[in-house]
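Please keep the sequence and the model in view while reading.

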Amino acid sequence: IVEESFYQLKVYALLLREKGAANLNAMELRYLELLYLNSESGQAKPWRYDLGETPEQRDQILQGVHQDLSQVWQDISDLVALQDPRAFVGCDRSFCHCHKCRDQFV
């Protein structure tokens with residue numbers, strides 16, 4: 001669950017970088033943090049993900065997310081061009097909504 005959640009945070013970090021968010025340079029976008037309000041101990045537990053020490057390392061990670069999203073977009077475009085709803089079998093991301101809505105289209 002944590003890794004899937006961090007993937008989603010990486011997407012938001014990518015969007016911030018791509019849109020050139022105001023004051024992004026002043027705010028070093030290095031750490032992504034999740035706060036789970038429930039844990040085995042009963043206390044809130046923070047999880048931190050380091051995007052990298054240098055801007056180059058951070059860009060490399062975010063570029064990987066960009067490539068992944070671009071591939072998803074290309075795959076969707078290819079399926080739409082087929083005009084066959086049965087061609088879609090789902091993706092390998094358990095958190096993706098496609099698993100819930102696929103049955104509506106086949």
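The largest nonpolar core has 11 residues: F6, Y7, V11, A13, L14, L29, L32, L34, L51, L62 and V65. A nonpolar core here is a set of buried Ala, Val, Leu, Ile, Met, Phe, Trp, Tyr and Cys residues joined through side-chain atoms within 4.5 Å; buried means under 20% relative accessible area, exposed over 50%, partly exposed in between (1.4 Å probe, protein chains only). Two or more residues of this core come from each of α1 (2–19), β1 (31–36) and α2 (55–82), and α1 gives the most, with 5. Helices (H or I, at least four residues) and strands (E, at least two) are DSSP runs, numbered from the N terminus.

The model is predicted: local features need pLDDT of at least 70, side-chain atom pairs count only at pLDDT 80 or more, and totals for chains, interfaces and linings use all residues. Residues are numbered from 1 along each chain as its sequence is written, and side-chain values use heavy atoms, with hydrogens and water left out.

K10 is in helix α1 and is buried, with a relative accessible area of 9%. Its side chain makes a polar contact with the side chain of Y49 (3.2 Å). A polar contact is a pair of N or O atoms within 3.5 Å; within protein, one must be able to donate a hydrogen and the other to accept it, and residues adjacent in sequence count only if both atoms are side-chain atoms.

F6 is also buried, with a relative accessible area of 3%.
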